Amino acid sequence: MNGITFEQAWNFGGPLMWVLAGISVVELALVLYVLFAQRARAFLRESLNRMRAAKDPEAEGSRIAQKLYSQADWFADIAAIAPLVGLLGTVLGMFQAFGGIATDVTAGAKPVVLAAGVSKAIVTTIFGLVVAIPALVFHAIFRRRAQRLVARLEVAADENQG
């Protein structure tokens, strides 16, 4: 970051950095949860048992598949929300920068007056993207993983019926 420490960048970003940090913690927790929930062997065994016990095995299978896909969708939600939080920081930073000029006409467009607001704008945008990009990658990974698990479940269910 061109000579700026993480701590300085964090301070430039202001309170929205805590929101982005919270979102990243939720993202990490979701990764661990979904990795645990989508263990193939345990998932297939549990799902087949649920389908056997259900009155309508097809409907139960559909509910199971929907649950898998919804787990991947959480990451898409994070990938959409994090950049918006960063954008909010950008808007607030620009407001701070130009608000400083508006309240102190004698300051003019001095770089010192603009620096704090522009720094906030840039830092929150960067951190919003740093949170969003991995979330989008995890969404793709877990969506494909869910598709494979559903396909394996369909094959296993057909084999058990026959």
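A residue counts as buried under 20% relative accessible area, as exposed over 50%, and as partly exposed in between, with a 1.4 Å probe and protein chains only. The model is predicted, so that local features need pLDDT of at least 70 and side-chain atom pairs count only at pLDDT 80 or more, while totals for chains, interfaces and linings use all residues. Residues are numbered from 1 along each chain as its sequence is written, and side-chain values use heavy atoms, with hydrogens and water left out.

**Exercise 1. The chain as a whole**

Task: describe the secondary structure of the chain, and state what percentage of its residues count as buried.

Solution. Begin with the elements, where helices (H or I, at least four residues) and strands (E, at least two) are DSSP runs numbered from the N terminus. The chain has five helices and zero strands, and along the sequence these give the pattern α-α-α-α-α. Next, turn to burial: of the 162 residues, 35% count as buried. Then consider contacts, meaning heavy atoms within 4.5 Å; among those between residues at least 6 apart in sequence, 81% join residues at least 24 apart. Finally, the accessible surface, computed by the Shrake-Rupley method with a 1.4 Å probe, comes to about 10,000 Å², of which 67% belongs to carbon and sulfur atoms.

**Exercise 2. The salt bridges of E60**

Task: find which residues form salt bridges with E60, and state where in the helices the partners lie.

Solution. Apply the rule that a salt bridge is a side-chain nitrogen of Lys or Arg within 4 Å of a carboxyl oxygen of Asp or Glu; by this rule there are two salt bridges. In one, the side chains of E60 and R50 meet at 2.6 Å, N to O. Because E60 lies in helix α4 (residues 57-103) and R50 in helix α3 (residues 40-53), this pair ties together parts that are ten residues apart in sequence. In the other, the closest N and O atoms of E60 and R63 are 2.8 Å apart, and these two residues, three apart in helix α4, are separated by about one helical turn. Taken together, R50, E60 and R63 are linked in a network of salt bridges. As to accessibility, E60 is buried at 9%, whereas R50 is partly exposed at 32%.

**Exercise 3. The surroundings of Q71**

Task: decide whether Q71 is buried or exposed, and list what it is in contact with beyond its sequence neighbours.

Solution. Q71 is placed in helix α4, and its relative accessible area of 4% makes it buried. When neighbours within four places in sequence are left aside, the contacts of Q71 are Y33, V34, A37 and Q38.
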